[in-house]
Amino acid sequence: MGMSVDQAYDVCTEVTRTEARNFYFGFILLPRERRRAIHALYAFSRLCDDSVDGVDDPTAKAQAVRARRDDVTRVYSGDGASTDDDPILIALADAIRRFGIPRAPMDALVDGVEMDLDTDRYADWPALTTYCDRVAGAVGVLSLYVFGFRDPAAPEHAQDLGVAMQVVNIMRDVQEDADRGRIYLPAQDMASHGVDVADILAGRMSDRMAALMHEQGDRAHEYFRRGAMLLPLLDLRARMCVQMLAALYGDILTRIEERGYDYTQGRVSLSGRRKAALMIGSIGRALLTRHR
């Protein structure tokens, strides 16, 4: 007998809880069906990331990304038998049916992961924006369909919020990415601030590097501002969760700024107490936001 849908969702919830504490925390107030659907989206996104990050052989990486493309076809095929051997796909296919999640942003997510196969440098901000739109903005749009919306402007704001959080990820993970030979900071920005690839790979912090990071932080703030326009378009519980997630990432950005953008000090993280405080504040702000 195959795995039940409930069991499949339980697997996705456990993946989210163990691999993405901020993400798990951010959506804890959603109703159960919607929360489980978000966990299914995250679990598939994680599976896509691991196809590139968890594999060393380039050929194996390419094969893994092709497998993820096949997975997308399977979950949109409407044939339950095609997913009955994989709990993540079982849950994802169910979420797609329940919430009418469109395929285009799912394909965009895989496109973004594929970029990591052969791209470890980005020439300029437009090039990096394309990547952020795919790996994070697309997740924002997918999640929006789980939340539910009526205003046609909502997907653009969800995309912006996803990009904001991805820029924070890039700033937080400069050292970790450099250790894997990847630099996501735009080369054009690096050149304008006099920062070399060798400086980042060697972990050399400087005033020039701080100025480069400050520029990325300004971009994140602008995308957060635009993404915040999504909040009045969501119902209360979805608004609370999105407000909370934005607050968590906004607080990480603030802590990066407070340490002078010094990426060599280690990865910024938030304590459970701090997350709880942000949750309470986010609930209050969400209650004061008028739904449109």
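Tutor: D160 has its place in helix α8, so let us begin there, with helices (H or I, at least four residues) and strands (E, at least two) taken as DSSP runs numbered from the N terminus. This is a predicted model, in which local features need pLDDT of at least 70 and side-chain atom pairs count only at pLDDT 80 or more, while totals for chains, interfaces and linings use all residues. Residues are numbered from 1 along each chain as its sequence is written, and side-chain values use heavy atoms, with hydrogens and water left out.

Student: Is D160 buried or exposed, and how do you know?

Tutor: Buried means under 20% relative accessible area, exposed over 50%, and partly exposed in between (1.4 Å probe, protein chains only). D160 has 7%, so D160 is buried.

Student: What does D160 touch beyond its neighbours within four places in sequence?

Tutor: Contact means heavy atoms within 4.5 Å. With those neighbours set aside, D160 is in contact with Y223, R226 and G227.

Student: What makes R74 and D71 a salt bridge?

Tutor: The term asks for a side-chain nitrogen of Lys or Arg within 4 Å of a carboxyl oxygen of Asp or Glu. Between R74 and D71 the N to O distance is 3.3 Å, so the pair meets the definition. Behind the idea, side chains of opposite charge can pair when their charged atoms come close.

Student: How far apart are R74 and D71 along their helix?

Tutor: They lie 3 residues apart in helix α4 (residues 58-75), which means a separation of about one helical turn. R74 has 24% relative accessibility and is therefore partly exposed, whereas D71, at 4%, is buried.

Student: Why do R97 and D94 count as a salt bridge?

Tutor: Their N to O distance is 3.9 Å, so the pair falls within the limit. Both residues belong to helix α5 (residues 87-99), 3 residues apart, or about one turn of the helix. The pair also takes part in a network of salt bridges that links E33, D94, R97 and R98.

Student: Which labels do R97 and D94 get for accessibility?

Tutor: R97 has a relative accessible area of 52% and is exposed; D94 has 8% and counts as buried.

Student: What about D173 and R267?

Tutor: D173 forms a salt bridge with R267, their closest N and O atoms being 3.0 Å apart. D173 lies in the loop between α8 (154-172) and α9 (174-179) and R267 in the loop between α13 (236-258) and α14 (272-288), so the pair ties together parts 94 residues apart in sequence. D173 is buried at 10%, and R267 is partly exposed at 47%.

Student: How many salt bridges does the structure hold?

Tutor: There are 27.

Student: What does the chain as a whole contain in helices and strands?

Tutor: The protein chain has 14 helices and 0 strands. Buried residues make up 49% of its 292 residues.

Student: How does the radius of gyration of the protein chain fit that of a compact globule?

Tutor: The radius is taken over C-alpha atoms, and the globule rule is 2.2 Å times the number of residues to the power 0.38. For 292 residues a compact globule would have a value near 19 Å; the protein chain has 19 Å, so the two agree. Along its principal axes, the C-alpha trace spans about 60 × 50 × 35 Å.

Student: What share of the contacts with a separation of 6 or more joins residues 24 or more positions apart?

Tutor: That share is 73% in the protein chain.
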